[in-house]
Every structure is written in C-alpha cells, then in structure tokens.
Amino acid sequence: MSEITKQQVSDFLTENPDFLLQNPDLLAQLELQQHAQGATSLVHIQQRQLREHNTKLKAQIEQLIEQATENESIYRLFSQCHRQLWTNYDFKTLATNLRNIICTSPAISECHLVRYETKYDALIEHRLEETGTYLGRVSQQERDLLFAEQTQSTALYLIGNNQHPVAILAFGSLDANHFEPAKDSFFVLEFVRSLQLRLLELQLELA
C-alpha cells in the first residue's frame with residue numbers, strides 16, 4: 001500500500017471541508033497536538049491566517065489609494081502646464097511659468113527647462129541617449145549642471161532626440177526616493193510630447 005502524501009491529505013480536506021467536524025475525536029487529537037507545539041487550535045490558526053491576510057489586503061488598498069491620490073495631483077499639475085504651452089510665446093516665459101507651477105508640488109524642489117547647449121552632451125550621452133528619459137540620482141558633476149547641491153533625486157527628459165536635441169526638462173527633489181526608475185511617468189511623458197511640439201513650433205515662428 002502506497003504512503004499517503006501531504007498533498008493528498010490537503011486535497012482531501014479541501015474537497016471535504018466538514019470532515020473534521022464530522023470526526024470530533026480526530027479533531028480533538030489534532031488540537032492536543034497543536035497545544036503540544038505551542039499553538040492553540042486549528043480554529044485559532046485559521047483566525048490568525050485570516051487576520052494576516054486582511055492586514056495584507058488593507059495595506060494593498062491603502063497603497064492603491066495613495067497612488068490614486070498622487071496620480072490625481074500629478075494630473076492636475078500637468079493640466080496647468082499644458083495650458084501654459086498655448087499661452088506663452090517665448091521660451092524664457094514658458095520656462096519660468098512651468099517652474100512656478102511644478103514647484104508648487106511639495107515633493108519637487110526644482111524645475112528647469114533649458115535650451116540645449118554642448119555642455120549637456122555628456123549628460124545626454126550618459127543618461128538620455130537610449131530612451132530620452134532618466135529618473136534617479138545623478139553624479140555631482142551632472143547635478144551641478146542643473147541643480148542645487150541639496151537635490152537628491154532627479155527626473156530628466158530630453159526634448160528632441162540625442163541627434164537633434166532641443167532642450168532638457170529637469171525636475172529635482174530633496175527626497176532621495178521620490179524619483180526612481182519604477183515611478184509612473186505617464187502624465188509627464190504626455191506633457192513632454194506636447195512640449196516638444198510646442199518648442200518646435202516656436203522655433204519655426206522665430207525662423
């Protein structure tokens with residue numbers, strides 16, 4: 001006779017949830033064994049597992065609510081920025097107004113829209129060549145190009161491409177973990193696309 005495996009026992013109890021209730025003597029023996037191991041009973045073990053599961057679910061819900069609140073804030077912020085694209089007719093004014101709007105976010109300490117210059121070539125090659133986007137920390141030399149010494153994490157967006165760069169949009173935060181690669185950038189990237197079209201349009205108007 002083959003030995004019954006743990007999985008077979010587990011499958012049987014799953015398919016017959018009333019088995020232990022219908023065999024109270026066996027249940028009592030199991031509870032005594034659990035007492036010997038320092039636990040209380042199968043019921044209490046199940047209750048503890050349910051509490052742990054509920055705690056995890058609550059944490060997940062709180063995280064989702066936090067993300068939704070943050071996304072709503074980002075959406076409102078960049079909606080204001082989108083409006084600036086069509087009410088400003090020179091680069092300097094647009095850059096100033098974007099900075100004033102973006103820096104109302106308590107998590108963002110700096111915002112810079114700068115025209116492309118050759119001094120940014122190393123930064124573009126190192127951080128922006130592949131995707132045109134970088135979120136995270138930068139070296140001190142890179143930070144000194146755009147940010148204050150206190151800046152801990154950054155978000156960089158190349159306007160144009162590495163062959164024909166037009167400008168760089170840069171955000172800085174005092175929080176070392178605020179800008180990191182896994183951060184959702186959907187609203188920002190949508191704005192960057194619109195900003196690129198607007199800057200190219202302004203260049204044509206000035207040509």
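This report covers the fold, salt bridges, cavity and a surface patch of a predicted model.

## Overall fold

The protein chain contains eight helices and four strands. From the N terminus on, the order of elements is α-α-α-α-α-β-α-β-α-β-β-α. The chain has 207 residues, and 33% of them count as buried.

## Salt bridges within helices

Five salt bridges occur in the structure. Among them is the pair Glu72 and Arg76, whose side chains meet at 3.0 Å, N to O. Both residues belong to helix α4. They sit four residues apart, about one turn of the helix. Glu72 has a relative accessible area of 42%, so Glu72 is partly exposed. Arg76 is exposed, because its relative accessible area is 53% and the cut-off for exposed is over 50%.

Another of the five joins Glu201 and Arg198, with 2.3 Å from N to O. This pair lies in helix α8. The two residues are three apart, so about one helical turn separates Glu201 and Arg198. Glu201 is partly exposed at 33% relative accessibility. Arg198 is buried at 2%, since buried means under 20%.

Arg127 is in helix α6, residues 121–128, and Glu142 is in helix α7, residues 140–146. The pair therefore ties together parts that are 15 residues apart in sequence.

Both partners fall under the 20% cut-off for buried. Arg127 has a relative accessible area of 19%, so Arg127 counts as buried. Glu142 is buried too, with a relative accessible area of 9%.

## The cavity

The structure has one cavity of 30 Å³ or more. The space in this largest cavity is about 30 Å³. Its lining consists of Asn71, Ile74, Asp184, Ser185, Phe186, Phe187 and Val188. Two elements give two or more residues each to this lining: α4, residues 42–85, and α8, residues 186–206.

Helix α8 gives the most, with three residues. By class, the lining of the largest cavity holds four nonpolar, two polar and one charged residues.

## A nonpolar surface patch

Ile4, Val9, Phe12 and Leu13 make up a nonpolar patch on the surface. Together these four residues have about 340 Å² of accessible area.

One of the patch residues, Leu13, lies in helix α1, residues 6–15. Leu13 counts as partly exposed because its relative accessibility is 34%. That value also clears the cut-off of over 30% that patch residues need.

## Summary

Which helices hold the two ends of the Arg127–Glu142 bridge? Arg127 is in α6 and Glu142 is in α7. On the surface, the nonpolar patch includes Leu13, a residue of α1.

Conventions: Residues numbered from 1 in each chain as written. Predicted model: local features only at pLDDT ≥ 70, side-chain atom pairs only at ≥ 80, totals over all residues. Heavy atoms only, no water. Patch = residues over 30% accessible without salt bridge, like charges linked within 9 Å, V, L, I, M, F, W, Y side chains within 5 Å. Areas by Shrake-Rupley, 256 points an atom, 1.4 Å probe, with all protein chains shown as cover. Buried < 20%, exposed > 50% of the residue type's maximum accessible area, 1.4 Å probe, protein only. 1 Å grid on protein atoms, 1.4 Å probe; cavity = no way out; pocket = protein on both sides within 12 Å on 5 of 7 lines; lining within 4 Å. Points joined across faces, edges and corners; volume = space filled by probe spheres on them. Nonpolar A, V, L, I, M, F, W, Y, C, P; charged D, E, K, R; others polar.
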